[in-house]
Amino acid sequence: MFVDYFNNTTDQVGMASFASNATTDIAIATNFQTTISNKVSALTFSGGTFGPGGLVLGKAQVDSIIPTSGENLVKVVVYFTDGLVNTIQATLSCNGTQTLYNLGGYDSGTSVGFFVPTTGVQTYMYDGVSKWYTCDSGGNCSTQTSSSCLRNDSGFTSQIDGKVKAFTRANVTADAQYDALATAAALQAEGVYVYSIGLGSDPSTTFLQEIANDPSSPTYNSSLPIGEAVFAPDCPSSTCTTELQQVFQTIAARILLRLTQ
């Protein structure tokens with residue numbers, strides 16, 4: 001419904017999705033409606049919320065568009081999530097080999113999951129206190145292990161202050177939010193409008209307002225492109241579809257208005 005608001009011939013739209021990892025599903029281009037609709041229909045929903053990765057891929061897509069002479073170009077990123085951003089990417093030492101992991105994936109408790117960045121498959125879980133577990137291909141982490149190649153890592157290097165932080169959910173979530181907000185700020189500094197959509201009751205209202213530079217945000221900056229955070233809180237429920245339709249209409253109307261100015 002959302003992509004059908006836009007002109008399939010002249011507008012350019014791409015799609016990235018994120019869970020425990022992030023993927024560019026459809027490169028930004030014209031003739032996007034059918035390909036995006038088919039891709040959305042094939043999505044499965046599970047895993048963590050690697051929001052920073054989704055935003056980085058979105059930024060790469062809009063940055064790839066170069067305006068032609070006389071073209072009325074408005075660049076927009078729409079960040080759509082049903083979760084609390086809780087996953088980051090970090091290089092860790094695995095038996096002495098520097099290896100890239102996505103880590104996090106939990107909204108509560110102290111545990112941290114370790115995921116393969118290319119697939120999102122979970123390989124380890126640390127309880128945030130002292131115990132490590134190996135995980136099977138289905139993400140079930142029930143076997144306690146003393147052989148995890150990450151056991152000797154003291155933690156991850158935080159993007160917030162450059163310090164090594166322990167593997168705990170709270171530390172990872174704080175970095176994930178910081179990383180996502182930094183990417184949103186970089187987009188807005190380039191003149192890109194960022195809109196955010198929160199589905200259900202889990203996403204943080206304040207965080208999504210900050211992502212969008214919504215006037216209701218505590219960090220609102222009137223000198224940057226002004227976006228908007230909108231919400232469909234009653235999902236899943238009998239009113240979810242109606243709420244989502246209203247959300248998509250609101251965001252599409254804002255974008256289309258900017259295209260006509």
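Accessible areas here come from the Shrake-Rupley method with a 1.4 Å probe, and for residues only the protein chains shown count as cover. With that in hand, hello everyone: the protein exposes about 12800 Å², and carbon and sulfur atoms supply 50% of it.

A word on where this comes from. This is a predicted model, in which local features need pLDDT of at least 70 and side-chain atom pairs count only at pLDDT 80 or more, while totals for chains, interfaces and linings use all residues. Residues are numbered from 1 along each chain as its sequence is written, and side-chain values use heavy atoms, with hydrogens and water left out.

Let's take the whole chain. The secondary structure comes to 5 helices and 13 strands; these are DSSP runs numbered from the N terminus, helices being H or I with at least four residues and strands E with at least two. The radius of gyration is 19 Å, close to the 18 Å that the globule rule gives for 261 residues, so the protein is as compact as a globular protein of that length. That radius is taken over C-alpha atoms, and the rule is 2.2 Å times the number of residues to the power 0.38. Of the 261 residues, 44% count as buried, meaning under 20% relative accessible area with a 1.4 Å probe and protein chains only, whereas exposed means over 50% and partly exposed is in between.

Six strands form an open sheet in the order 4-5-6-7-8-9, with antiparallel pairing; two strands pair if DSSP finds at least two bridges between them. At the edges sit strand 4 (87-94) and strand 9 (143-145), each pairing on one side only. From one strand to the next, the twist averages 35 degrees. Helix 3 (residues 169-189) packs on this sheet, touching strand 4, strand 5 (97-104) and strand 6; contact means heavy atoms within 4.5 Å.

Most residues other than glycine have a negative phi, and most peptide bonds are trans. Asparagine 31 has a positive phi of about 55 degrees, and asparagine 213 has one of about 50 degrees. A cis peptide bond joins cysteine 235 and proline 236, with omega about 0 degrees, and proline 236 lies in the loop between strand 13 (228-232) and helix 5 (240-260).

Definitions and conventions: Axes fitted to C-alpha atoms, helices over the stretch in contact; angles between N-to-C directions.
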